[in-house]
Amino acid sequence: MELDINNIDRETLIAAGALAALFLFIKVLYANTFRATLKLIAPENRFMKPGEAFLVLIPIFNIYWNFELARRMSDSLTNEFYDRKIAEEEFPGRSTGITVAILYIITMLPLPVNILMGVNLVYFFYFFAYWVKMNKFRELLKDHNIFLSEQQEHQEEEN
C-alpha cells in the first residue's frame, strides 16, 4: 500500500493534527516537571537553568538535548541531595534518561513497522518512567523544604 499525500482526507488530517497537539502538550508537561524540579535545586547546585528544560521541545536539537537533560539533571540532583544529606541513588535518573534519549533516536530510524511499533512502546514506557522518577525527586525536594521550614519554626519557638 502506497501513501498518496495529495489524497489524504480531511478527517485524517484533523486526527493527525490532534495527535500531534496531544504529543506536544505531553512534552510541555514533561519539560515543566524538569523546570519545576530545577527551581527547587539551589542555584549553585544546578548544571542548567530551569527554563532550559524547555529546549527538549525543539525538533532535531532535542536529539542532542535529551542526553544533556539526563546528564545535567542527574548532576544537579546529585549535588542537591549531597548538600541536603538526602540518601538517594547515585546519579539520580541518569540511566533512565539516557535510555529515553537512545530510544528516541531509534524511533526515528527507518525500521519495519512492527519493529518500530515495539520500539515506540518501549520508548513510551521509559519516557513515562523517567517523567515519574523526576516528579518523585521534585516531591522529595518539596517535602524536604517543608521539613526544613518546620524544623526552623520549632527552633525559633524554643529560643
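**Charges.** I started with the charges in this predicted model. I found 15 positive and 20 negative ones, and their mean positions sit 4 Å apart. Then I searched the whole structure for salt bridges and got ten.

**Arg71 and Glu68.** I looked at this pair next: their closest N and O atoms are 2.6 Å apart, a salt bridge. Both residues belong to helix α2 (residues 61-84), three residues apart, about one turn of the helix. Buried or exposed, what is Glu68? I read 11% relative accessibility for Glu68, so I put it down as buried. Arg71 comes out at 31%, partly exposed.

**Asp75 and Arg94.** Here I noted a salt bridge at 2.2 Å, N to O. Asp75 is in helix α2 and Arg94 in helix α3 (residues 94-107), so this pair ties together parts 19 residues apart in sequence. Asp75 is buried at 15% relative accessible area, while Arg94 is partly exposed at 23%.

**Lys136 and Glu88.** I got 3.7 Å between the closest N and O atoms of this salt bridge. Lys136 lies in helix α4 (residues 113-158) and Glu88 in the loop between α2 and α3, so the pair links parts 48 residues apart in sequence. Both are partly exposed: Lys136 at 44% and Glu88 at 29%.

**Network.** I followed the shared partners and ended up with one network of salt bridges, made of Glu52, Glu68, Arg71, Arg72, Asp75 and Arg94.

**Overall fold.** I counted four helices and zero strands.

Definitions and conventions. Residues are numbered from 1 along each chain as its sequence is written. This is a predicted model: local features need pLDDT of at least 70, side-chain atom pairs count only at pLDDT 80 or more; totals for chains, interfaces and linings use all residues. Side-chain values use heavy atoms; hydrogens and water are left out. Helices (H or I, at least four residues) and strands (E, at least two) are DSSP runs, numbered from the N terminus. Lys and Arg count as positive and Asp and Glu as negative; His and the chain ends are not counted. The place of a charge is taken as NZ of Lys, CZ of Arg, CG of Asp or CD of Glu. A salt bridge is a side-chain nitrogen of Lys or Arg within 4 Å of a carboxyl oxygen of Asp or Glu. Buried means under 20% relative accessible area, exposed over 50%, partly exposed in between (1.4 Å probe, protein chains only).
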